[in-house]
Amino acid sequence: MSSTNNADRGADDSAAPAGTVERAFRVALYADSDNALDTGASLLAADPAADAELVRRGEEFVASAWRRGWQPADVVRIVGRELDDVHVRLAAGLIHTQSPNDRPRGRRWTAQLAQLAQLHGSPGAGATAPRPDRFAHATAVLELYRLLLRLPALEPLEEPRRGSGSGQGSGHGIESRMLTRIRGLLAKAEATDFPAEAEALSERAQQLMARHSVDEALLADRDQTRAADAPGACRIGVEPPYEQAKAVLLDAVAAANHCRAVWNEPFGFSTVVGFESDLEAVELLHTSLLVQAQTAMTKAEAAQRAGGRKRTKTFRQSFLAAYAHRVGIRLREAAATPVSEDLLPVLASREVAVTDRLDRMFPRTSTTRLRGVSDEAGWTEGAQAADRAQVRSRRPLR
């Protein structure tokens with residue numbers, strides 16, 4: 001009888017931490033009041049034995065976010081927008097500790113995990129290390145879990161289907177060398193202080209992207225092992241401030257590289273749909289153009305201030321709006337370069353496939369107009385910067 005009582009008592013002891021976490025969740029996660037949050041945090045702070053269970057439940061919230069279509073970069077982005085740096089570190093820690101229990105999810109997912117580890121050091125330690133102020137730590141954890149619990153479902157971004165020969169053999173090496181070369185050209189364009197040099201480097205990078213895209217299309221059309229290739233999708237952060245102009249810029253870059261973009265303003269990203277090689281081109285070029293735009297805007301703004309100007313926000317907003325608008329025009333001109341007749345059916349079929357994937361992912365979309373563009377000097381400077389940074393007409397592809 002005595003041994004039975006001891007066993008029951010051990011079972012009750014092991015269940016105690018889970019009970020503490022459950023009580024704190026019932027109080028704090030389903031209510032918006034600060035009082036409820038304080039009560040839940042007090043329960044957790046008073047029971048150090050519940051720490052491991054609290055982390056385990058956080059990993060479950062992360063896994064649930066993946067099932068609802070979120071990715072690591074998306075979660076960290078929304079946490080950063082809605083909460084504070086401490087919550088970002090906690091989220092990164094949970095993602096890190098949950099990842100060994102997750103299934104493989106593709107190259108972009110792995111890259112996001114690596115970036116989180118690089119940005120936040122060893123994030124796993126942040127979730128479990130003891131805190132001198134247990135109440136403050138518990139409060140931050142509950143605030144994070146409350147946000148994770150309420151994340152809505154997003155459009156799932158499955159890895160694109162690839163034929164059995166895709167990305168294997170010598171072709172993969174050629175692709176890697178091409179992308180490395182493109183990255184090098186864009187890095188030089190971002191670093192130079194000479195607009196003409198930046199323009200020439202960006203032009204050459206865009207030419208290589210176009211050639212790379214067409215070569216990929218022809219290879220997929222002629223190689224039966226790649227017949228199953230299909231459009232994929234990725235999300236690219238569109239961060240404040242001036243996110244509307246940045247979304248317009250991304251849309252222009254996507255369209256010029258045979259992709260389509262849909263902006264999700266509340267969650268701070270655009271979803272870009274296209275074939276893999278084109279998605280990589282969009283990611284590279286959009287990032288580079290943002291860097292070039294920021295550099296040009298800083299210089300133009302300094303010149304304006306030297307002339308006695310005091311307003312900053314309206315100048316920047318108009319600058320980036322003009323930059324995005326002008327880049328869109330120049331990219332459309334470049335995309336209109338004639339191609340040989342045998343390429344037209346191949347490119348047309350890929351465009352249809354991209355549009356079909358987009359329509360299935362986003363059956364309903366709306367158009368947004370640029371707001372708050374009222375500064376003439378900012379618009380003029382932005383348009384001129386876009387002319388310097390962007391690509392002139394390319395040579396015929398074939």
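Me: What pLDDT does the protein average?
Reply: This is a predicted model, in which local features need pLDDT of at least 70, side-chain atom pairs count only at pLDDT 80 or more, and totals for chains, interfaces and linings use all residues. Residues are numbered from 1 along each chain as its sequence is written, while side-chain values use heavy atoms, with hydrogens and water left out. On the pLDDT scale, which gives the predictor's confidence in each residue from 0 to 100, 73% of the residues score at least 70, and the protein averages 79.

Me: Is α4 roughly parallel or roughly antiparallel to α5?
Reply: The axes (lines fitted to C-alpha atoms, for helices over the stretch in contact, with angles from 0 to 180 degrees between N-to-C directions) of α4, residues 72–82, and α5, residues 85–98, come within 9 Å and cross at roughly 160°. Helices here are DSSP runs of H or I with at least four residues, numbered from the N terminus. Angles under 35 degrees count as roughly parallel, over 145 as roughly antiparallel, 65 to 115 as roughly perpendicular and the rest as oblique, so α4 is, relative to α5, roughly antiparallel.

Me: Which residues of α5 make the contact with α4?
Reply: Contact means heavy atoms within 4.5 Å. On the α4 side the contact is made by P72, V75, V76, V79 and G80, and on the α5 side by H87, V88, A91 and I95.

Me: At what angle do α3 and α5 pack?
Reply: Helix α3 covers residues 51–67, and its axis lies 9 Å from that of α5. Among the residues of α3 in this contact are V55 and W66. The packing angle is about 85°.

How values were computed:
Helix = DSSP H or I, 4+ residues; strand = E, 2+ residues; numbered from the N terminus.
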